[in-house]
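Trainee: Hi! Could you walk me through this one? I'm still learning how to read these.
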Amino acid sequence: MSMQHDAIRRGSKAALAYALALLATAFFAFPIFWMFTSSLKGDEIITAYPPVWIFAPSLQNYVKLVEDLGIMTMFINSSIIVGLSTCLAMISGTLAAYALARFDIKNKQMIAFEVLSIRMLPPIVSVVPMFILARWLGVFDTYWLLIAAYALAGLPFVVWVMRVFIQDIPQSIEEAALIDGCSRVEAFWRVTLPLLMPGLAATMVIVFMFAWNEFLLASMLTSKAAKTLPVIAANTLNAKSIAWGMASAAGVVMSLPVVVLVLLMQRYLVRGLTLGAVKG
Amino acid sequence: MGIQIKDVRKRFGALTVVNGVSVDIAEGEFFVLLGESGCGKTTTLRMVAGLELPTSGSIHINGKDVTYAEPRHRDIAMAFQDYGLYPNMTVYENIAFPLKIRKVSKADQRRKVEETAGKLGIFNYLGRKPFQLSGGQRQRVSLARALVRNPKVFLMDEPLSNLDAKLRAVMRTEIKKLVSELGITTIYVTHDQIEAMSMADRIAVMRHGDMVQVGSPLEIYDRPLTHFVADFMGSPPMNLFPASMTTAGRPTGEVREFVDAIPDHERDLISSRLDASGQFTLGIRPEHLKLVQLGSPGSARAVVDFVEPLGQTTNVYLTAGEKRLIAVTDRCVSHVGDVVGVYAPPEFLRVVAN
Ligand SMILES: Nc1ncnc2c1ncn2[C@@H]1O[C@H](COP(=O)(O)OP(=O)(O)OP(=O)(O)O)[C@@H](O)[C@H]1O
Ligand SMILES: [Mg+2]
């Protein structure tokens, strides 16, 4: 009897938990839902109050984005710039973190701190010097400038976070690999790297998102050729009017790659939560 | 052949961790490095493995100078204290890893892994991940991974310290049997003197980065060179008495009767074991002390402080003059407060350096 009772109590507890989880999800998902539906509405109904829930979806906002603002070019720009800078920051940052975590380097703490100090400068302070430097070097409004800027901005984060992830992997595992016949590089590649995947995935998503959404540097250091998505998304709002439909559509276009990336990385992100169970 | 370590030193900054260690380990020998925590055992082993480079000195393995060679070029295997298993691989993949790196064919890999796993009794766990194993099973996996490629040299750093006492005793004999069957030259690091005594062909006792004494287990137990070794080996430890010899041939010490009983051949050793101020130590193992009638010839007067019956033997704690002693006797009838004689048979008295 009482066992049945317990089972019912457990069941209702679980139901409550599910209800709460649903509520929280709805709270966070609603703006996204709103953005998505708005992007499919025509100008007449987009600001209607009370909101129109049932309407014939149209892609006119997306068409306008492509035809009037040329968003395809910006999308390609953003993808190349952010993709390359993220890769660059991840590769060099992880290698630097490995050296800081594993090797006996003089003044290790100093070096790590110096790397972090890049991040301490508010970007607004560095934007004018960067502008002048870029002009002088002839890289203004090119991919290279933003790639370098974003890679550098992401680097300290990668170094500091990956250093902790690497330190968390017992050194004896790598040493075992060295003894088992690996060179340093092989040991890193075959043994350390697979264990680092969750950390790499999480770090990469964050670095990618930062660069993908970055506006200040992008708006100041590009004029036409290397313009990125956040800049164009901002162009939908001007002094006279706000093109709500286009703004929403731009928002959807900008979110898509992030969503795809997170879905791709999900396998590792979830595993990151359980990896701790291996130790001890 | 075997391993030759010549005058190897290791400094970390200003700290000298290994201070000129030299030893010649024969092929197939089971050599144990024994010492307290922090004395440099692990560092010495890691230099042999190539995980650490010596500040000076040289290391030869099987006739080849490997002082600065990478670990993979030394043909060694190693078992780590925390096992060092690859957490993302299954037991099978863990054991096969060294073979895979050496590009052994898949079929040979399978055969060797299964054979080694069978020998170590982990055949049924080959499909599991390390975190699904108990400590003892993990230890076996790490041994299997080390042994699977028939190494010439096997290095072990306190491989049993994470196991419970019973399992430790089982694994002790298993390891020893396995290694001697395969005839692998082994260096085994431990701080447990019982492990050292029971497994070693030869023991090196280390202290503060020095090898204080190298010898067979019984040699070290019976004839310790220094106070430290005498105190470190054996439980309960050797009874040690401060003694001195300021005039040649006339040693004096705390328990008069014992000093007088030092036999001639030990007496001859005194001058070589004296320290700068003319001090040495006289020692006798607890199991050699005899409790006799008070006043028997050659015995000292002592009071029984405490009696610890252990079943097979009994530990009797005594005070002779100012000096506290332990005697291990058969089941005995002493009681706390008894006044007895303690007799030290001359053939068991040892002269030991401070
Ligand atoms: N990388 C290092 N840098 C500085 N000091 C070190 C380093 N590795 C070891 N030491 C020091 O060297 C000394 C000897 O260390 P080692 O690990 O060889 O001791 P051990 O005999 O193995 O001790 P235990 O039984 O506790 O394992 C210790 O005092 C330790 O602090
Ligand atoms: Mg150690």
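Mentor: Happy to! Keep in mind that this is a predicted model.

Trainee: What about the structure over all chains, how many salt bridges does it hold?

Mentor: The count over all chains is 19. Inside chain A, for example, the side chains of Asp43(A) and Lys64(A) meet at 3.6 Å, N to O.

Trainee: Why does that pair tie together parts that are apart in sequence?

Mentor: Because Asp43(A) lies in helix H2 (residues 43–46) of chain A and Lys64(A) lies in helix H3 (residues 60–68) of chain A, the pair links parts 21 residues apart in sequence. Asp43(A) is partly exposed at 44% relative accessibility, and Lys64(A) is partly exposed too, at 24%.

Trainee: Switching to chain B: which side chain does Glu114(B) meet in a salt bridge?

Mentor: Arg110(B), at 2.8 Å from N to O. They are four residues apart in helix H3 of chain B, so about one helical turn separates them. Glu114(B) has 27% relative accessibility and counts as partly exposed, and Arg110(B) is partly exposed at 42%.

Trainee: And Asp108(B), what does its side chain meet?

Mentor: Arg111(B), in a salt bridge of 3.6 Å, N to O. This pair sits three residues apart in helix H3 (residues 106–119) of chain B, again about one helical turn.

Trainee: Zooming out, how many helices and strands does chain B have?

Mentor: It has 10 helices and 19 strands. The C-alpha trace of chain B spans about 80 × 45 × 35 Å along its principal axes.

Trainee: Last one: what share of chain B is buried?

Mentor: Buried residues are 52% of its 354 residues. As for the surface, chain B exposes about 15,800 Å², and carbon and sulfur atoms supply 51% of that.

Conventions: Residues numbered from 1 in each chain as written. Chains lettered and ligands numbered in written order. Predicted model: local features only at pLDDT ≥ 70, side-chain atom pairs only at ≥ 80, totals over all residues. Heavy atoms only, no water. Helix = DSSP H or I, 4+ residues; strand = E, 2+ residues; numbered from the N terminus. Buried < 20%, exposed > 50% of the residue type's maximum accessible area, 1.4 Å probe, protein only. Areas by Shrake-Rupley, 256 points an atom, 1.4 Å probe, with all protein chains shown as cover. Salt bridge = Lys/Arg side-chain N within 4 Å of Asp/Glu carboxyl O.
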